[in-house]
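Visitor: I am new to this structure and would like to be shown around. Please take me through it one question at a time.

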Amino acid sequence: MATAPQDATAAQLITSGQAVLGIELGSTNIKASLIGPDFQQLASGSHQWENQFEDQLWTYSLDAIHSGLQQCFAAVLADCRQRYGVAPSSFASMGVSAMMHGYMAFGQDDDLLVPFRTWRNTNTRVAAERLTGAFRVNIPLRWSVAHYFQAMIDGEEHVPQVRHFTTLAGYVHTLLTGEKVLGIGDASGMFPIDTATGTYDAAMLDAFDEISASYQATCTLAELLPAVLPAGAAAGNLSEAGARLLDPTGQLQPGTPFCPPEGDAGTGMVATNSVAVRTGNVSAGTSIFAMLVLDRPLSGVHHEIDVVTTPAGDSVAMVHCNNGASEIGVWAGVFGQFAKALGVDASSDRIFEALLGSALDGQADGAGLLAYNNLSGEPVTGLEQGRPLVIRTPDSALTLANLMRAQVYGMFATLSLGMKVLAAQGVQVEKLNAHGGIFRTAGVAQRFLAAALDTEVSVSETAGHGGPWGIAVLASFRQFIEANPQASLDSYLDELVFAEAKTKGAAPLPEDVVGYNAWLQNYESGLAIQRAAIAAL
């Protein structure tokens, strides 16, 4: 709890509309972060939700999106009242972000034509391969244009009706402001960006229209995509309808300016101060991905790597893995049930801490245990569907410590395979930062990630705030740049946001590196078991 003078200052910031709000729609939680001019978090809120697997596709309903936003915002108001005895009716600026990629297609009257298709879907292989061949750049399965083209190939009835398609962040931003725009980082997961012009690649737009001419589209692709904006650009204001959507009670007033909506990859880069050239970050959640800001173009096309941008528009090599920490969460739930069966009522944080902490005592090579955490398909390893598995050799040592070390290793396995491709390209990283809930247990995931990538990994004190805090910082930058139009995002983060930030670094331990590499070799050999399981079940 803050001291009384700080409480008074925070209350004044909130009631006078000087605080900044960021909201991020992640895979399992919708979270909000309210920050002050010093970038410290004043209040927060969250709402749990989960995707559904319907008609062989991963989705979230519009009702879930709308009600989740309301519940999350209500939680922020409740936190403000509990901490300071006041609640905001306006903000200095706002921003929304969400899980990248996916497909939300709208018709003439802005009606959603088919259920939201998330990044998790892997049904777009034919489209992705054809586009990759035509563009000579990697178009991953999860990119929005792959979803749209696959709908064309499959002859879906809605295709001729499409007048606009966007990402989840773009949709929510339109709900709140009426503006059909997208931050350049999120837009780069819809269609390739020309970093020289700061918008979609014109030659590739023409190429798409040519190869799709025989299908049912009635608009060019350029007519369907949202406008692209860089960090700091004006992106509209909170509308009356948007205010009522967030706050049906009527306390929230319209008019707050918005920054461009961004994807969770971009907010992760901001939250870890990783937007400058030759910096990188790892975000671990339902999915896990690494973002490395490039100082030169990659050579060749690699299915493990796609090129996106920072929120400022610089090229980034992205290694995106569909499966992250979810399977560890499932195991934590099982052990929590076991604890309750014994009459022990332990919090989820305590269970996670105990399980992850035990991994430190596991053998460095996993002691004959392999963990495949694939709840969904995994493009990096060519798996079209998920089949979570724990496998062990007859002479393995099945202990809690070894099981949990294998689980943590399994979370980083596909990421390290993708990073090996970048290393072979000569891509160098001067610092690598990590964020995500898994890193809250000090000294475990951070240590093993350092071993998996054979690179020092740092975690900052703000890493626990994650994407919602990152989009709040981008909203603050939107406000700052009005008075400082020449400011760059990387200097803003270095000189203001992270000027006094505290970080903890973990260098790879030689014994961990040797053990992990031996484990990863077995993991790659065992991928045949994953493919057999997919074929059999």
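This is a predicted model: local features need pLDDT of at least 70, side-chain atom pairs count only at pLDDT 80 or more; totals for chains, interfaces and linings use all residues.

Visitor: Which residues does Ala451 touch, not counting residues up to four places away in sequence?
Guide: Contact means heavy atoms within 4.5 Å. Leaving out residues up to four places away in sequence, Ala451 touches Pro508, Asp512, Val513 and Tyr516.

Visitor: How far apart in space are Ala451 and Leu245, C-alpha to C-alpha?
Guide: In sequence, Ala451 and Leu245 are 206 residues apart. From C-alpha to C-alpha, the two are separated in space by 46 Å.

Visitor: How far apart in space are Leu224 and Phe106?
Guide: Leu224 sits in helix H8, residues 221-224. In sequence, Leu224 and Phe106 are 118 residues apart. Their C-alpha atoms are separated in space by 9.4 Å.

Visitor: Is Leu224 buried or exposed?
Guide: Leu224 touches Tyr148, Val162, Arg163, His164, Phe165 and Cys219, with residues up to four places away in sequence not counted. Its relative accessibility is 0%, and the cut-off for buried is under 20%, so Leu224 counts as buried.

Visitor: Which helices do the buried residues of H12 pack against?
Guide: The buried residues in H12 are Ile351, Leu355, Leu356, Ser358 and Ala359. Seen down the helix axis, they fall within an arc of 155°, so they line one face of H12. They pack against H11, helix H13 (400-424) and helix H14 (445-453).

Visitor: Which exposed residues are on the face of H12 turned away from its buried side?
Guide: H12 has twelve residues, and from its first C-alpha to its last it reaches 17 Å, close to the 16 Å expected at 1.5 Å a residue. The face turned away from the buried side carries the exposed residues Arg350 and Glu353.

Visitor: How many of the 18 residues of H15 are buried?
Guide: At 1.5 Å a residue, H15 should span 26 Å, and its end C-alpha atoms are 27 Å apart, which agrees. The helix is mostly covered, and the number of its 18 residues that are buried is 14.

Visitor: Is Arg136 buried or exposed?
Guide: Arg136 lies in the loop between H3 and helix H4 (144-153). Its phi is near 60°, a positive value in a residue other than glycine. Its relative accessibility is 71%, and exposed means over 50%, so Arg136 counts as exposed.

Visitor: What is the relative accessible area of Asp110?
Guide: Asp110 is in the loop between strand S7 (104-106) and helix H3 (125-135). This residue is not a glycine, yet it has a positive phi of about 60°. Asp110 is partly exposed, and its relative accessible area is 44%.

Visitor: What is the volume of the largest cavity?
Guide: The structure holds one cavity of 30 Å³ or more. Residues that line the largest cavity include Ser27, Trp119, Asp264 and His320. By class, its lining divides into five nonpolar, four polar and one charged. The volume of the largest cavity is about 60 Å³.

Visitor: Which residues lie nearest the centre of the largest pocket?
Guide: The largest pocket holds about 1600 Å³ of space. Its lining has twelve nonpolar, 26 polar and eight charged residues. Several elements each supply at least two residues of this lining, among them strand S2 (29-35), helix H12 (348-359) and helix H15 (466-483). Of the 46 residues that line the pocket, those nearest its centre are Thr28, Asn29, Lys31, Gly285 and Gly437.

Visitor: From where does the largest share of the lining of the second largest pocket come?
Guide: About 490 Å³ of space lies in the second largest pocket. It is lined by 25 residues, and Val137, Pro297, Leu298, Val307 and Ser315 are the closest to its centre. Two or more residues of the lining come from each of strand S10 (193-194) and strand S16 (306-309). The largest share, four residues, comes from S16.

Conventions
Residues are numbered from 1 along each chain as its sequence is written. Side-chain values use heavy atoms; hydrogens and water are left out. On a 1 Å grid over the protein atoms alone, a cavity is a set of points where a 1.4 Å probe fits but cannot get out, and a pocket is an open set with protein on both sides within 12 Å along at least five of seven lines; lining residues have an atom within 4 Å of a point. Grid points are joined across faces, edges and corners, and a volume is the space filled by probe spheres set on the points. Ala, Val, Leu, Ile, Met, Phe, Trp, Tyr, Cys and Pro count as nonpolar, Asp, Glu, Lys and Arg as charged, and the others, Gly among them, as polar. The expected span of a helix is 1.5 Å times one less than its number of residues. Buried means under 20% relative accessible area, exposed over 50%, partly exposed in between (1.4 Å probe, protein chains only). The arc is that of the directions from the helix axis to the C-beta atoms.
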